Amino acid sequence: MSRGEVRQICAGGAVVRHHAGRDEVCLILRERHGPRSWNLPKGHVEPGEETAAAALREVREETGLTGRILAPLRAIRYRFRLRGEARTCAKTVSFFLIGSPTGDINDHDAEVVEARWMSFEEAA
């Protein structure tokens with residue numbers, strides 16, 4: 001990490017189910033400036049929080065769903081420039097495969113415009 005660079009640790013999940021004869025994943029659409037895109041739910045890991053617990057919390061907040069972790073997925077790492085600043089951010093996101101979902105995808109928080117079940121083909 002370079003001097004003046006901010007570090008962010010995040011976690012999220014790929015919530016999956018088999019429904020009506022097809023495999024599906026739940027993606028979210030956030031209200032953002034610029035082009036809208038569908039993404040996996042994710043967010044910041046709170047101080048003292050385990051990444052798996054953070055992933056389940058963020059999934060619940062952003063999709064209205066609860067489930068159980070089936071397996072860890074590959075973490076992603078990237079850098080970006082902070083809006084309006086010269087500093088950059090080094091971000092790491094740990095993802096988990098989450099199954100046995102229960103809940104209502106309409107019960108998401110305000111930062112999410114919509115949560116939607118999609119086939120794996122649609123999601124890709």
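The side chain of Arg30 makes a polar contact with the side chain of Glu111, at 2.3 Å. A polar contact is a pair of N or O atoms within 3.5 Å; within protein, one must be able to donate a hydrogen and the other to accept it, and residues adjacent in sequence count only if both atoms are side-chain atoms. The model is predicted: local features need pLDDT of at least 70, side-chain atom pairs count only at pLDDT 80 or more, and totals for chains, interfaces and linings use all residues. Residues are numbered from 1 along each chain as its sequence is written, and side-chain values use heavy atoms, with hydrogens and water left out.

Arg30 belongs to strand β2. Its relative accessibility is 10%, which counts as buried (buried, under 20% relative accessible area; exposed, over 50%; partly exposed, in between; 1.4 Å probe, protein chains only). A polar atom of the Arg30 side chain also lies 2.8 Å from the backbone oxygen of Lys42. Contacts of Arg30 (heavy atoms within 4.5 Å) are with Ser37, Lys42, Glu62, Glu111, Val112 and Val113, leaving aside neighbours within four places in sequence.

The protein chain has two helices and eight strands. Their order along the sequence is β-β-β-β-α-β-β-β-β-α. These elements are DSSP runs, numbered from the N terminus (helices, H or I, at least four residues; strands, E, at least two).

Helix α1 covers residues 51–63, 13 residues in total. The helix reaches 18 Å from its first C-alpha to its last, close to the 18 Å expected at 1.5 Å a residue. The expected span is 1.5 Å times one less than the number of residues. Ala54, Ala55, Glu58, Val59, Glu62 and Thr63 are buried in α1. Seen down the helix axis, the buried residues of α1 fall within an arc of 135°, so they line one face. The arc is that of the directions from the helix axis to the C-beta atoms. The packing partners of these residues are β1 (6–19), β2 (22–30), β4 (42–44), β5 (65–72), β7 (88–103) and β8 (112–119). Just after α1, Gly64 takes a positive phi of about 80°.

Positive phi also occurs in residues other than glycine. Ala20 has a phi near 50°. Ala20 sits in the loop between β1 and β2, and is exposed at 75% relative accessible area. Ser100, in strand β7, has a phi near 50°. Ser100 is partly exposed, at 46% relative accessibility.

Gly67 lies in strand β5. With a relative accessible area of 29%, Gly67 is partly exposed. Its C-alpha is 4.3 Å from that of Pro101, 34 residues apart along the chain. Gly67 touches Leu56, Ile98, Gly99, Ser100 and Pro101, not counting residues up to four places away in sequence.

The C-alpha trace spans about 50 × 30 × 25 Å along its principal axes. Buried residues make up 37% of the 124 residues. Of the contacts with a separation of 6 or more, 69% join residues 24 or more positions apart. The chain exposes about 7600 Å², with 50% supplied by carbon and sulfur atoms. Accessible areas come from the Shrake-Rupley method with a 1.4 Å probe; for residues, only the protein chains shown count as cover.
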